[in-house]
Amino acid sequence: MTPAQFVSRIKRREIGPAYLFLGAEDYERKRCRDFLIATLLTPEEREAGITQYDLNDNSLAQVVDDARSLSLFAPSRVILVANAEAALPRGKAEEDSDGDTAGDTAGEDADLLSRYLKDPSPGVVLLFDVRRFELEGEDKRRLERIRKFYSAIADAVELRRFSMDDARAEAQALTKSSRVAIEPEALDLLVEALGVDVARIAVEIEKLSLFAAEGQVISVDEISALVPDARSTTVFEMVGALGRRDRVRGLELLDTLCREGEYLPLALAFLSTQFRLALASKEAGLRNPRQIQGHFARSGVPMWGSRADQVFQTVSKFSKEQLERALESIFEADRDLRSPRPDDRTVMERFVLKLTA
């Protein structure tokens with residue numbers, strides 16, 4: 001079940017006795033949990049109606065016993081169970097082994113939950129939460145074992161990480177609901193600088209809504225000044241400046257990075273990516289930002305429109321031979337940064353002067 005399907009069912013009052021939340025995406029997790037609580041409990045009922053457990057500290061049997069207990073003070077209850085994977089036998093949630101360490105106790109707990117869900121207490125909803133593991137990659141097998149253990153729970157909500165495009169769309173929706181205006185390039189920068197983490201993006205947009213004066217449009221400069229990790233946005237600006245062969249701006253931004261204590265090899269890594277993308281675009285004969293964006297999207301490399309513009313600027317400013325030499329210069333600068341030298345800044349200044357000659 002997706003988060004959207006979960007919310008839709010809760011809106012229709014199709015509420016099950018238990019849910020299993022799987023995945024590391026915290027923004028959708030909080031939204032789904034808050035929507036369930038708001039639907040079942042009035043603000044006055046929440047103090048008595050919400051109970052929290054952590055299976056690192058409590059047993060599954062304790063949770064089930066509590067669910068069976070009737071409350072005189074709360075007609076409806078939500079029992080939040082964190083670290084639900086801790087109920088599995090030791091080694092089952094984390095290891096690939098199918099050994100049966102502590103299997104008897106865990107099997108009894110699973111049977112106890114299964115029996116409870118055949119005759120659940122009215123008005124009580126159990127929410128088991130597994131936030132430690134991702135839904136893809138090497139965590140996938142671990143989650144399959146967790147699903148099997150909690151197979152008695154009919155409704156599992158998969159909390160997948162946002163893609164770049166989905167994160168940007170959600171960020172745009174958040175700006176509208178917060179009534180804050182952000183330039184498109186600044187919004188792209190905000191999403192990328194915060195690692196496509198929508199929970200963090202939501203917090204920063206709320207802060208920006210409090211900061212912005214009526215009618216003010218938030219620009220890249222405000223994002224750089226106000227958002228954590230904003231120094232990385234200066235790196236992106238430097239990539240763009242050198243991609244345009246703008247020597248003055250490139251040196252200004254290098255000065256900013258040095259004053260703020262930025263790790264200069266990080267800037268060089270971004271530059272390497274920029275010029276590799278530009279060289280690939282040149283070799284593919286791509287002639288505008290739209291072609292560049294579409295080409296890399298088909299290759300499985302998501303790219304913002306603003307990033308495609310940056311790559312196109314680099315493609316238009318450098319010949320194929322110059323791009324190849326630029327990559328050689330990046331290699332040399334990276335080598336010099338790793339070897340004994342008097343100063344990182346000297347290495348990078350020499351690199352900027354050579355690249356923009």
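The chain has 17 helices and seven strands; helices (H or I, at least four residues) and strands (E, at least two) are DSSP runs, numbered from the N terminus. The model is predicted: local features need pLDDT of at least 70, side-chain atom pairs count only at pLDDT 80 or more, and totals for chains, interfaces and linings use all residues. Residues are numbered from 1 along each chain as its sequence is written, and side-chain values use heavy atoms, with hydrogens and water left out.

**Confidence**

Colour the chain by pLDDT, the predictor's confidence in each residue, from 0 to 100. The average is 83, and 88% of the residues score at least 70. Then select residues 96–102, where the pLDDT falls below 50; beyond near neighbours in sequence, this stretch has eleven contacts in the model. Contact means heavy atoms within 4.5 Å.

**The open sheet**

Next, select the five strands that form an open sheet in the order β2-β3-β4-β1-β5, with parallel pairing. Two strands pair if DSSP finds at least two bridges between them. β2 (50–54) and β5 (155–158) stand at the edges with a single partner strand each, so one side of each has no neighbour in the sheet. From one strand to the next, the twist averages 20 degrees.

Select β1 (residues 18–22) together with β4 (residues 124–130): these strands pair in the parallel sense over five bridges. Opposite Leu-22 stands Val-130 in β4.

Helix α2 (residues 26–40) lies across β1, β2, β3 (77–82) and β4, at about 170 degrees to β4. Axes are lines fitted to C-alpha atoms, for helices over the stretch in contact, and angles run from 0 to 180 degrees between N-to-C directions.

**The nonpolar cores**

A nonpolar core is a set of buried Ala, Val, Leu, Ile, Met, Phe, Trp, Tyr and Cys residues joined through side-chain atoms within 4.5 Å. The largest one has 33 residues; Met-238, Leu-268, Phe-275, Met-348 and Phe-351 have the most contacts inside it. Elements giving two or more residues to this core include α11 (231–243), α13 (264–283) and α17 (344–355). Its largest share, eight residues, comes from α13.

Centre the view on Met-348. Leaving aside neighbours within four places in sequence, Met-348 is in contact with Met-238, Leu-254, Leu-264, Leu-268 and Leu-337. A second, separate core of 31 residues includes Ala-18, Ala-87, Phe-128 and Leu-143.

**Last stop: Phe-312**

Finally, select Phe-312 in helix α15. Is Phe-312 buried or partly exposed? Phe-312 is partly exposed, with a relative accessible area of 26%. Leaving aside neighbours within four places in sequence, its contacts are Arg-287, Asn-288, Pro-289 and Ile-292.

Definitions and conventions: Buried < 20%, exposed > 50% of the residue type's maximum accessible area, 1.4 Å probe, protein only.
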